Amino acid sequence: MARRVQTTTYAPTTTDNASEISFAGAGADATWTIVAGATNGNGWYAIFNNPTAYVLTVKVTTNTIDSIAGATGFPMYPQEV
């Protein structure tokens, strides 16, 4: 599994499929917005890791079929995967 590290606001894309994306913090909270499911393709997934002391908010683009557990986004608190 590929591992990528991002330090700021980020938009996971098709190239992140089947990878772990780790938040490096950069001294502040951040938001990552996943593009529409139709853009990333059927079966797209990634593992998000927040090993920092900051909150990482993971959101999806707003549309009627894309959601994460029925919501448009959720906070990942420090040390959550």
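Two strands are said to pair if DSSP finds at least two bridges between them. In this predicted model, 3 strands form an open sheet in the order 3-5-6, with mixed pairing.

**The open sheet**

- Strand 3 (30-34) and strand 6 stand at the edges of the sheet, and each has a single partner strand, so one side of each is left without a neighbour in the sheet.
- On average, neighbouring strands of this sheet are turned by 20° against each other, with direction ignored.
- Strand 5, which covers residues 56-60, pairs with strand 6 in the antiparallel sense over 4 bridges.
- T57 stands opposite P75, a residue of strand 6.

**Salt bridges**

- The count of salt bridges comes to 2.
- One of them joins R3 and E20, whose closest N and O atoms are 3.5 Å apart.
- This pair links distant parts of the chain, since R3 belongs to strand 1 (residues 2-6) and E20 to strand 2, 17 residues apart.
- E20 has a relative accessible area of 18%, and residues under 20% count as buried, so E20 is buried.
- A salt bridge also forms between the side chains of R4 and D16, at 2.9 Å from N to O.
- R4 lies in strand 1 and D16 in the loop between strand 1 and strand 2, so this pair ties together parts that are 12 residues apart in sequence.
- D16 is buried, with a relative accessible area of 0%, whereas R4 is partly exposed at 26%.

- S19 is placed in strand 2, which spans residues 19-23.
- S19 counts as buried because its relative accessibility is 0%.
- Apart from neighbours within four places in sequence, S19 is in contact with M1, A2 and R4, and also with Y45, A46 and I47.

- E80 is found in the segment after strand 6 (73-76).
- The relative accessible area of E80 is 34%, so this residue is partly exposed.
- Although E80 and N50 are 30 residues apart in sequence, their C-alpha atoms are 5.4 Å apart in space.
- When neighbours within four places in sequence are left aside, E80 is in contact with F48, N49, N50 and P75.

How values were computed: Residues are numbered from 1 along each chain as its sequence is written. This is a predicted model: local features need pLDDT of at least 70, side-chain atom pairs count only at pLDDT 80 or more; totals for chains, interfaces and linings use all residues. Side-chain values use heavy atoms; hydrogens and water are left out. Helices (H or I, at least four residues) and strands (E, at least two) are DSSP runs, numbered from the N terminus. Buried means under 20% relative accessible area, exposed over 50%, partly exposed in between (1.4 Å probe, protein chains only). Contact means heavy atoms within 4.5 Å. A salt bridge is a side-chain nitrogen of Lys or Arg within 4 Å of a carboxyl oxygen of Asp or Glu. Axes are lines fitted to C-alpha atoms, for helices over the stretch in contact, and angles run from 0 to 180 degrees between N-to-C directions.
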